[in-house]
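I opened this notebook to record what I looked up in one structure. The entries follow the order in which I consulted it.

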Amino acid sequence: MHMDAGDDFSESCRSTEHFVLVHGAGHGAWCWFRLLSLLQDSGHRVSAVDLAGAAGSLVDPNDVRSFDDYNAPLLDLMAALPDGDKHGDVYDLTFGLGADHPPTAVALRKEFQRIILYQQSRQEDSALASILLRPWPTALSTARFTGDDGGVESVIDRVRRVYIKTASDRMVQPEQQEAMIRRWPPSKVMVMDTDHSPFFSAPELLFNLILKSL
């Protein structure tokens with residue numbers, strides 16, 4: 001049976017696979033962000049790994065003394081792949097001080113990142129973000145507004161502040177943003193109908209609003 005190149009492509013797109021992308025020397029998972037985006041657009045699942053000492057790795061390349069050390073992140077990822085098919089909580093917690101202490105860091109699970117942070121952004125941009133996004137300290141939840149300190153003015157209160165609301169934000173809901181504005185009123189409030197990440201989804205609109213706020 002004759003099958004041309006277009007048929008091959010169509011046939012390959014009918015089944016979804018989980019691709020694991022591994023970079024070369026001196027690079028990192030970041031180098032795959034364009035291919036990652038194309039594969040995800042085709043319905044495939046993709047994992048791009050940072051080997052030890054790579055750009056997205058927390059390991060100093062000077063501390064990598066063997067190929068086994070260098071390759072360990074890939075082997076860890078491959079060992080965990082069966083669990084990657086399970087969908088559970090939106091967040092992953094890290095207990096840096098031990099399981100008997102409160103969590104020290106939180107991360108948005110990869111399968112929810114685009115849905116919550118980048119739903120209006122280009123697939124290519126959210127693919128890049130999925131490679132670079134890191135956990136954040138749970139200590140952020142202890143942030144205080146000036147109004148919480150008995151009305152005592154701080155240096156930052158003397159700086160003119162403008163709050164730009166993101167009306168379609170799924171990370172910080174509009175009602176949460178309203179509460180933040182009430183607790184620490186800015187000089188001006190502006191609104192854009194974007195997701196949580198207008199630096200990706202609407203950079204020109206964000207640029208214009210910033211200039212307009214001056």
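**Entry 1: strand S4 and its sheet**

I began with S4, where Ala-105 and Ala-107 point one way, Val-106 and Leu-108 point the other way, and all are buried. I took buried to mean under 20% relative accessible area, exposed over 50%, and partly exposed in between, with a 1.4 Å probe and protein chains only. I read helices (H or I, at least four residues) and strands (E, at least two) as DSSP runs numbered from the N terminus.

I noted that this is a predicted model, in which local features need pLDDT of at least 70 and side-chain atom pairs count only at pLDDT 80 or more, while totals for chains, interfaces and linings use all residues. Residues are numbered from 1 along each chain as its sequence is written, and side-chain values use heavy atoms, with hydrogens and water left out.

Which strands form the open sheet, and in what order? I found three strands in the order S3-S4-S5, with antiparallel pairing. S3 and strand S5 (136-137) are the edge strands, each pairing on one side only. Two strands count as paired if DSSP finds at least two bridges between them.

I then looked up each pairing. S3 and S4 are antiparallel and pair over four bridges, and Leu-93 stands opposite Val-106 in S4. Strand S4 (residues 105-108) is joined to S5 by two bridges, also in the antiparallel sense. On that side, Ala-105 stands opposite Pro-137 in S5.

**Entry 2: a surface patch**

I next looked up Tyr-91, which has its place in strand S3 (residues 91-94). Together with Leu-93 and Phe-95, Tyr-91 forms a nonpolar patch on the surface, with about 280 Å² of accessible area in total. Patches are made of residues with over 30% relative accessible area and no salt bridge; like charges are joined within 9 Å, and nonpolar side chains (Val, Leu, Ile, Met, Phe, Trp, Tyr) within 5 Å. Accessible areas come from the Shrake-Rupley method with a 1.4 Å probe, and for residues only the protein chains shown count as cover.

**Entry 3: salt bridges**

I counted as a salt bridge a side-chain nitrogen of Lys or Arg within 4 Å of a carboxyl oxygen of Asp or Glu. By this rule there are six salt bridges. Side chains of opposite charge can pair when their charged atoms come close.

Glu-111 forms a salt bridge with Arg-109, with the closest N and O atoms 3.4 Å apart. Glu-111 is partly exposed at 28% relative accessibility, whereas Arg-109 is buried at 17%.

Arg-122 is exposed, at 52% relative accessibility. Its salt bridge with Glu-124 has the closest N and O atoms 3.6 Å apart, and Glu-124 is partly exposed at 22%. Arg-122 also meets Asp-125 in a salt bridge (3.3 Å, N to O). Salt bridges that share partners join Arg-34, Arg-122, Glu-124 and Asp-125 into one network. Asp-125 counts as buried, because its relative accessibility is 12%.

**Entry 4: a buried lysine**

Where is Lys-165 found? I located Lys-165 in strand S6 (residues 162-166). Lys-165 is buried, because its relative accessible area is 14%. Leaving out residues up to four places away in sequence, Lys-165 touches Gln-177, Glu-178, Ile-181, Val-189, Met-190, Val-191 and Met-192. A contact means heavy atoms within 4.5 Å.

**Entry 5: the chain and its confidence**

Buried residues make up 26% of its 214 residues.

The mean pLDDT of the chain is 85, and 84% of its residues reach 70 or more. The pLDDT is the predictor's confidence in each residue, from 0 to 100. Among the elements, strand S7 (residues 188-192) has the highest mean pLDDT (97) and helix H1 (residues 5-13) the lowest (45). Over residues 1-14 the pLDDT is below 50, and this stretch has four contacts in the model beyond near neighbours in sequence. The pLDDT also stays under 50 over residues 84-88, for which the model has eight contacts beyond four places in sequence. Where pLDDT is low, the predicted coordinates should not be read in detail.
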